[in-house]
Amino acid sequence: MSEILLTPREKRLLRRLAAGKTDREIAAKLGGTAKQIAEQRVRLLGKLRIASEAEITAAAHRLAEWRTYRGIT
């Protein structure tokens with residue numbers, strides 16, 4: 001996954017998905033609508049070639065090791 005470049009928004013989205021947040025909760029925090037977040041989620045998971053919830057969590061844990069990680073709110 002280190003070869004895949006994620007935007008700051010994609011990183012925030014991934015961390016929130018791994019934390020089990022709903023599209024509506026993510027939209028309230030990041031802005032936009034639940035439908036927009038759902039579309040972004042599909043694109044992000046495709047970009048990362050992620051198919052399961054466990055893979056989302058594993059990817060977010062790897063992300064936590066990156067220097068730019070600041071936690072989740």
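User: Before we start, what do I need to know about the model and its numbering?

Analyst: It's a predicted model, so to speak: local features need pLDDT of at least 70, side-chain atom pairs count only at pLDDT 80 or more, and totals for chains, interfaces and linings use all residues. Residues are numbered from 1 along each chain as its sequence is written, and side-chain values use heavy atoms, with hydrogens and water left out.

User: How many helices and strands are there in the chain?

Analyst: Helices (H or I, at least four residues) and strands (E, at least two) are DSSP runs, numbered from the N terminus. Here you get four helices and zero strands, in the order α-α-α-α.

User: And how do I read burial?

Analyst: Buried means under 20% relative accessible area, exposed over 50%, and partly exposed in between, with a 1.4 Å probe and protein chains only. Of the 73 residues, 30% count as buried. In helix α1 (residues 8-18), the buried set is Glu 10, Lys 11, Leu 13, Leu 14, Arg 15, Arg 16 and Leu 17. For the surface itself, areas come from the Shrake-Rupley method with a 1.4 Å probe; for residues, only the protein chains shown count as cover. The accessible surface of the chain is about 5,000 Å², and 51% of that belongs to carbon and sulfur atoms.

User: At what angle do the axes of α1 and α3 cross?

Analyst: Two packed helices are described by the angle between their axes and the distance between the axes. Axes are lines fitted to C-alpha atoms, for helices over the stretch in contact, and angles run from 0 to 180 degrees between N-to-C directions. The axes of α1 and α3 come within 10 Å and cross at roughly 95°. That makes α1 roughly perpendicular to α3; the cut-offs are under 35 degrees for roughly parallel, over 145 for roughly antiparallel, 65 to 115 for roughly perpendicular, and oblique for the rest.

User: Which residues in α1 and α3 meet?

Analyst: Contact means heavy atoms within 4.5 Å. On the α1 side you have Arg 9, Glu 10, Leu 13, Leu 14 and Leu 17, and they meet Ile 37, Gln 40, Arg 41, Leu 44, Leu 45, Lys 47 and Leu 48 in α3. The residues of this contact divide into seven nonpolar, one polar and four charged.

User: How many salt bridges does the count come to?

Analyst: A salt bridge is a side-chain nitrogen of Lys or Arg within 4 Å of a carboxyl oxygen of Asp or Glu. The count is two. One pairs Lys 47 with Glu 10, their closest N and O atoms being 2.9 Å apart. Lys 47 lies in helix α3 (residues 34-48) and Glu 10 in helix α1, so the pair ties together parts 37 residues apart in sequence. Lys 47 is partly exposed at 33%, while Glu 10 is buried at 18%.

In the other, the side chains of Asp 23 and Arg 41 meet at 2.7 Å, N to O. That pair links helix α2 (residues 23-30) to helix α3, 18 residues apart. Asp 23 is buried at 18%, and Arg 41 is partly exposed at 24%.

User: Which residues does Leu 30 touch?

Analyst: Leu 30 sits in helix α2 and is buried at 18% relative accessibility. Leaving out residues up to four places away in sequence, Leu 30 touches Arg 9, Arg 12, Leu 13 and Arg 16. The C-alpha atoms of Leu 30 and Arg 9 are 8.1 Å apart.

Terms used: Nonpolar A, V, L, I, M, F, W, Y, C, P; charged D, E, K, R; others polar.
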